[in-house]
Amino acid sequence: MPVGAASQSQSQSQLQPHGTMQGYDPNSFFCEMLRPGQPQHPTLTLLLSRLAALPISSLRQRAADAERDLLERGITFTVYSDATAIDRILPFDLIPRVITPSEWNQIETGVVQRVRALNMFLRDIYHERKILADKIVPEALVLKNAGYCEAMVGFNVPYNTYVHVCGTDIVRDETGEFRVLEDNARTPSGVAYVVENRHMSLRVMSDLMTGLRVRGVEEYGLRLHNAMAEIAPAAVSDPQVVVLSPGIFNSAYFEHVFLAREMGVPLVEGRDLTVEGGKVWMRTTAGLAAVHTIYRRIGDDFLDPDAFNPDSMLGVRGLIDCWRHGTVAIANAVGTGVADDKAIYAYMPRIIRYYLSEEPILKNVETRICAEPESLAYTLDHLAELVTKPVAESGGYGILIGPHASKQQLEDFRVLLKADPSNYISQPTLKLSVSPTLCDDGVRPRHIDLRPFAVTGKETWVLPGGLTRVALKQGTLVVNSSQGGGTKDTWVLA
Amino acid sequence: MDINPNRHTAYLIARHAEGTIWLARYMERIENLARILDVTNTFARDADDSRNWLSVPRINGDLVEFHKRHQIATQRTVGEFYLLDTTNETSVQSFIIAARENARTLRALISTEMWLQINVFYGHIRALDAASIVPEHFTAVCNMLKDGAQSHTGITEGTFYRDQAWHFYMIGRYLERADQTTRLLDTRFHSLVPREDASDNIDAGQWNALLRAAAGYHAYRREHPNGYHPQEVACFLLANRAFPRSVGLNLGRVERHLTQLRTSYGLRGMSAALERLDQLNATMTYQNVTELASRDLSPFLDFVQREIGGLHQDIVETFI
């Protein structure tokens, strides 16, 4: 793995775990702090020595302070069971994840490229459908996709931007290569934690951060508001933006509050909005006031009972009609779900090449599309090593995790796969990178991922950093908050 | 008011206006209830225990609900009913749950420090249990509740941006104070007046408790060092414009904030509320209260309570 290990031994020795980091061993996984085989970064060396010098008791005290602080601030999500409501915090690991300037450059340009391609793809499939005619992406995969929205056909959106806020889930493999795991092009959440985690670092880890020139994350609300103002109906000079939330019982309500506060705009629910005379209004103490852009945090199906789910109580009757007549803007656009679908994901590298004539700056996780004969053959030959997924299912149904499957399961799956190859894709099992994390038995390596947030009005801007999620249980690769995952602050070095 | 011509017109969602009124009212209720419980606790030690504890559900109009759950009123049963019982809509548990839910709804509007304090206060109240209301802790719990509610008031004063939402918040606070003082006066006056000929000791003790429950004891002593007269107590609690919990002062504040909503924010349609307020305010004079109190104050206090309820309704119907 490390090239020229002898010549690097001196500099590598500075990055040996010591002090509080004693016994930290990432094994064969890529460690985001020790970074084997990558060029040294002096800031990381300094950070490691600061961290190593912090007594473990101090780290634990700070972690306890941070946890209490999160509870008191109500930075929580509510878990409802029977008649009780329990407020849970998303665990915060106080050891930051660091991204160097050159790494960030790759992530930032890669995310911008990907968002451009997603928007061009959406524009195309809802208009000319050239990519389908050229057989780059199978027509049925798009037109029969659950996220595909007939109502969007022929409809133009400002700047051809459909995905105004995009969360791109990125992992790093054992060689240190960044790879995109999935695109979240509907209503990605988590950005509030990016900013709150930074505040928490400033409170409890400021000595670790001093002088490191970490890039700020304070701009998000302003950038988002500017993008929302850009897409507002053109004739409006001082557009009224609102955040549309399902309400206080939604698990992401804390984030909805955050977004409204950071943009300085009202946080509304469907019942606060009404459509009259072909326009959207909000009910205020001064009567009805015009609304020009809606940053909605409710799903397509619930937006407008006239257009979609007729039983929805969360939406606004007639909203989609107003949108189609250009009197109001909606972000993200309706019908973006087709672009962040698992099946489409496999085609993303080709989609990028097709529209931009560029190589993807961020690679996908190597994905084989079993509809293609060589991929099917490879998948059948390596079934025991691969993760094989049906493309039409969601929520983890019908997935075969080769290394964990019994002989019988493998044989049964082989039959399913052969019967309908075009319904499947396969990927190698991932060895996610790790980051030093405070655990019960000391500072230990735990798997992480990264979700940067891209905001697009006229142009795309990427918040430096993103949400780093960490799998707190040893060995587990699952970083989801519902599965015992936590978060870390993400430091992009200037 | 000097308004920056370059500001973005910041509208207030009607539902949020109502939420701020309720947030203020619930936090006031916690403070008032804690004070009444504390005064009753201190007061009841020398007198007939069950009679005095029953006065708490009587003040709050809770006799029926109370008797559904408890046969006799003691420190333990009244404490349980008001401090622990989440099924009782007028317990501090119900108040803080409702206050926090309102604060959550208004989270984007209120200050972070307001939210943080309410959230922590909520945690303290939700943690109360049977062990925390035993006699030796009772006053400490009441003090914790008063502290929390008053911290809220202070943080709100110091951090809540003075726009429309603030005015609605203040309207809620002052309506609630006026209402609470009226209730207090109503029940105590009812039981006190017919016993004017009773011994001075008992009367002094009862007036004393009444004024303490309204946080007005020392101020009253300063103004009336010679003793208690029912008309003077009534005037103090209704017509006095210096006592922070008098009905007259609070109604005056409601009027001031309603007027500011009209002049600074151009809100219209509040003539019903202002007219009702004018008429009500006109009754809060020393002369009028003295005259009414020399006969029977109860019908008047009933009228005031109805009118305060009517005011809340007028405001909600106008703006919300």
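Colleague: How many residues of chain B are in contact with chain A?

Modeller: This is a predicted model, in which local features need pLDDT of at least 70 and side-chain atom pairs count only at pLDDT 80 or more, while totals for chains, interfaces and linings use all residues. Residues are numbered from 1 along each chain as its sequence is written, and chains are lettered from A and ligands numbered from 1 in the order in which they are written. Two residues are in contact if their C-beta atoms, placed from the backbone, lie within 7 Å. On the side of chain A 18 residues take part, and the number from chain B is 21.

Colleague: Which element gives the most to the side of chain B that touches chain A?

Modeller: Helices (DSSP runs of H or I, at least four residues) and strands (runs of E, at least two) are numbered from the N terminus. The elements of chain B that give two or more residues to this side are α1, α5 (92-105) and α6 (112-126). With four residues, the one that gives the most is α6(B).

Colleague: How do the residues of that side of chain B divide by class?

Modeller: Ala, Val, Leu, Ile, Met, Phe, Trp, Tyr, Cys and Pro count as nonpolar, Asp, Glu, Lys and Arg as charged, and the others, Gly among them, as polar. For the side of chain B that touches chain A, the division is 12 nonpolar, five polar and four charged.

Colleague: How far apart do the C-alpha centres of the two domains of chain B lie?

Modeller: The domain bounds, which come from an automatic or database domain assignment, are 16-161 for domain 1 of chain B and 176-320 for domain 2. Their contact takes 14 residues from domain 1 and 13 residues from domain 2. Between the C-alpha centres of these domains the distance is 22 Å.

Colleague: Are α12(B) and α13(B) roughly parallel or roughly antiparallel?

Modeller: Axes are lines fitted to C-alpha atoms, for helices over the stretch in contact, and angles run from 0 to 180 degrees between N-to-C directions. Helix α12 (residues 247-265) and helix α13 (residues 271-283) of chain B have axes 10 Å apart and pack at an angle of about 155°. Angles under 35 degrees count as roughly parallel, over 145 as roughly antiparallel, 65 to 115 as roughly perpendicular and the rest as oblique. The angle therefore makes α12(B) and α13(B) roughly antiparallel.

Colleague: How many helices does chain B have?

Modeller: In the secondary structure of chain B there are zero strands, and the number of helices is 15.
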